[in-house]
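Colleague: I have some questions about the terms used for this model. Please set each one against its definition.

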Amino acid sequence: MTTDISLLMWTKIHASFIPCSCRSSLQVCILCLPKYGDTVTIGDVSFKLKTPKNPELVPQNYMTDSLAQSVVHHLRWIMQKDLLGQDVFLIGPPGPLRRSIAMQYLELTKREVEYIALSRDTTETDLKQRREIRDGSAFYLDQCAVRAATEGRILVLEGLEKAERNVLPVLNNLLENREMQLEDGRFLMSAERYDKLLQEHTKTELDAWKIVRVSEDFRVIALGLPVPKYSGNPLDPPLRSRFQARDVYHLPFKDHLQLLYSIGSNISTERISQLLSFATTLCSQESSTLGLPDFPLDSLSAAVQILDFFPMMSVQHVIDRLYPYNIFLGKEGRTAVKDTLKRFELQDSKSHLLPRRITKVESVHGNKTFKADVTVQIGEKEVVFQVPAGTGPLKQHSGSDSFIRTPSHNQLLAEMMQSHMVKDMCLIGGKGCGKTVIAKEFADILGYSIEPVMLYQDMTARDLLQQRYTLPNGDTAWRPSPLVTAALEGKLVILDGIHRINPGTLAVLQRLIHDRELTLYDGTRLLREDRYQNLKEELQVSDEKLQERSIFPIHPSFRIVVLAEPPVIGSTTQQWLGPEFLTLFLFHNVQSLSKKEEIQIIKEMIPNVPSVAVEQLLSLTHKLRETNDATAQSLASSLSTRQLLRICRRLSHHPDESLYHAVNKACLSRFLPNLARSALQKNLLDSGIETSPDDIRKLGEKDYPCEISNGILKIGAVTTPIYNPAEKMKVPDVLFYENTQHMMVMEDMLKDFLLGEHLLLVGNQGVGKNKIVDRFLHLLNRPREYLQLHRDTTVQSLTLQPSVKDGLIIYEDSPLVKAVKFGHILVIDEADKAPTNVTCVLKTLVESGEMVLSDGRRIVANNANTEGRENVIVIHPDFRMIVLANRPGFPFLGNDFFGTLGDIFSCHAVDNPKPQSELAMLRQYGPDVPEPILQKLVAAFGELRSLADQGIINYPYSTREVVNIVKHLQKFPTEGLANVVRNVFDFDSYNKEMREILISTLHKHGVPIGAKPTNVQLAKETGYTQKTLQDAHQKLHLVDSHTLYTESQKEEKLQKFTSS
């Protein structure tokens, strides 16, 4: 049945009539009547509708009241290709436009969709068939490509450039000949060939041969970016040749302008035109040549919505949110963008205002649940607008102890509220600048429950959306991720560390962020609230019925806030803020606080901190932040607001402590390169933070008693009650000889431990980190859980240890989970050996007190967060972490744990003991070893360490090696010193240059390794003349002339003589 144009129903859903001047000079019209069997006509191309078997799979609410001319042309072209039975590839710049056009076509033609977002984790099983287990039997379950082929649906493949090479060729034969061999033995055959066979054979025979008919309605619509220009894998030529391509560029200027006019009725048309002209210029070929990423044109509608409520606001300020060029562009790029702003008269002027603060937040009563009326002050005016709100009570001021409002925070929260009205947002700022607390404060204001999700580099698309697990009976099942649960429950998801995640994995979230739709691995579909309600009304079914079909609504309150560190300008690996990412969010730059604001925060949070110390500390910090010297700037990251609060908290409890010592400790100055260390010392001096030789002497002479009396432990001047553990067998007990330097470190550790801090001990190998920690816990009587990290440590192995029991996979708690449960101390050893993208998951545990385990359980900070939640582990109040790591840099081949996570721990540098401390300790290890030998060893190793610090030698010789030498001499006193020290130095015996330096240094201190009769230095040290050594050499030769000795044996005899 065809219908005359006069019968068009001019309604929102069923018809849209758009005049056009296409080549055929026909009017382009879309005829879409509600009855199936009718015809859709676009210009001269008509398509007859069929009744869908599963109407719930037909896209909803993608068609708009009026379609842009360019979109209509795209739809007409797709219809032509559909009628020809060809598969199409919509190629174009990043953004939701290509997906939107594909979905509009499917809605228009009432076609069922099978959608898959391809990522670097997509495998053949995600496209063809996946094996599942039910009742102990394995079977194959058809996936999107097979379902689409057999049911006559449209397969939408998005992000072909994200898929790994050689994954998509699995579809080649399906695209070309509509054939595919399946893992379960079935064979998909084209409709034409199947129907021919059916004329000669019965359907029962074909079924017995496992031949399945591919529907003649099956089509593929692929969506991808052009590679190169954008990053990704180029199309495989055999795959590319099977598609018909269509360039879907941004909307033409005129169409886009009309769209923006319709959104921003309160803004002058001139300003909208200038804004669009600016954006279009940044998408031009000339801008690409300058290395400028494309401007996210699709986000302009969000900007215009904000400006519609705030017409008095600075346009440049809104542009910064869409295109934060100051963060990701170098000097030349920033100049180019500023010149373009100037050309289109969009630069800030005095008349343009910025939002100042939120003055009122009220719930909206009536039908509009989960909405809030927010009043924001801008200039002298107050503007009221509506935003989504959480499911909890609203609080204009959260009353949180961990958040102090400052003018810049008030402005940032007001700006975030504007962005929240229209889009998800991303907070970009350096480590420790307060991104997490600001996001939490924002959530509290609007009554949101928070769902923190820590992102890491090896995270897969499954970790983000849905994870596979086994039921107790051995069946396989899917568990939704915290992100998916939050979408259903209307929470605010905080994606922390988006700069770490692989862009190919993040691609699976694009549809959720742009369209609020998501298709999960088990076939579950999440729809935007209005689309879900529309579907429910159209099908006349209940929520239960739709949920039986695995269709769920995304809660209208659901929002995503992303936290990230600024991209490294000029870096190829760390420039994560690209054109594709720019289309997803509105961006807010969380800048470091001003000196005045930082002083305000410190004094309000820690009232009794000495004012002079705060002034000096802030003077130093801001000097380092504002300098142009890259070396000094790198030190500023160690003095983040988080770290400053930690220093001041400690000073408030120990006011007599040296600020000089506190700053050096926070920056780990002991292990800084010489240039950075001297820059720090210079800035400390300029800020009036210094230490006198008298202070250093007094510190060295100070007595550090370690005693336990009446259940009270005293280390130095710090006391604490001894713990009474339930599991005493887990309290470490280690041989430990006390020395002043180690007791100083332990006193320092105890101060931070009593303030509730988690500790990080950094030092060279063999300086006693493990011994100090074990002795520390032994004295405190605290049970220990031990975790050693390595190159292959994964996030899963940090939290759970899988094992198979009675044929079932059982997850046993890792030491981390046990420590959290029972309040033990978790000692994480070799933290620098694991990839930093794995260890960064500790951040949420330390900072937020939350962590999601891979078996679905969740660690939370307090009982208040457990209401109505299952599988929750509450962190025991006695739980602490002590992390051990080698210092960053050569020759240690680990990762920079301190650089990545240092500021969330209280850091302690552990060095080799000073000569007197080391000598005292060696006396206890070797009571029978002669004192002169101990002194020689201490002096020789002290000089070798000094050479390592200067960079003359690579290996930093440690106390561990001296102790092993002394233990040997104690047990075997007759062996010569020269022979025993070789146990340490034989590693270097094949490096001629190194060997010469070692021998020279050891001879200087009277250690006779590699002695020759010409060694003047050794003769001086031992008091023998060169002649005496030569005589001894001859004497040995005469006495032993009847015996044939090797050179090494002769050398050993000479060394015994000289050492005796």
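Colleague: What makes the largest nonpolar core a core, and which residues have the most contacts inside it?

Modeller: The model is predicted. A nonpolar core is a set of buried residues of listed nonpolar types joined through side-chain atoms within 4.5 Å. The largest such set has 180 residues, and those with the most contacts inside it are Phe-295, Tyr-323, Leu-465, Ile-498, Leu-509, Phe-581 and Leu-816. Leu-509 touches Leu-464, Leu-465, Leu-483 and Leu-495, leaving aside residues up to four places away in sequence. Another core, of 33 residues, lies apart from the largest one and includes Val-614, Leu-645, Ile-647 and Ala-666.

Colleague: Why are strand 19 and strand 27 said to stand at the edges of their sheet?

Modeller: The open sheet has 5 strands in the order 19-22-26-18-27, with parallel pairing. Strand 19 (450–454) and strand 27 (586–589) each have a single partner strand, so one side of each is without a neighbour in the sheet. Neighbouring strands are turned by 20 degrees against each other on average, direction ignored.

Colleague: How do you know that strand 18 and strand 26 pair?

Modeller: Pairing takes at least two bridges. Strand 18 (residues 425–428) and strand 26 (residues 559–564) are joined by 4 and run parallel, so they pair. Leu-427 has Leu-563 as its bridge partner in strand 26.

Colleague: What makes the buried residues of helix 42 a face?

Modeller: In helix 42 (residues 977–985), Leu-977, Ala-978, Val-980, Val-981, Val-984 and Phe-985 are buried. Viewed down the helix axis, these buried residues fall within an arc of 160 degrees, so they line one face of helix 42.

How values were computed
Residues are numbered from 1 along each chain as its sequence is written. This is a predicted model: local features need pLDDT of at least 70, side-chain atom pairs count only at pLDDT 80 or more; totals for chains, interfaces and linings use all residues. Side-chain values use heavy atoms; hydrogens and water are left out. Buried means under 20% relative accessible area, exposed over 50%, partly exposed in between (1.4 Å probe, protein chains only). Contact means heavy atoms within 4.5 Å. Helices (H or I, at least four residues) and strands (E, at least two) are DSSP runs, numbered from the N terminus. Axes are lines fitted to C-alpha atoms, for helices over the stretch in contact, and angles run from 0 to 180 degrees between N-to-C directions. The arc is that of the directions from the helix axis to the C-beta atoms.
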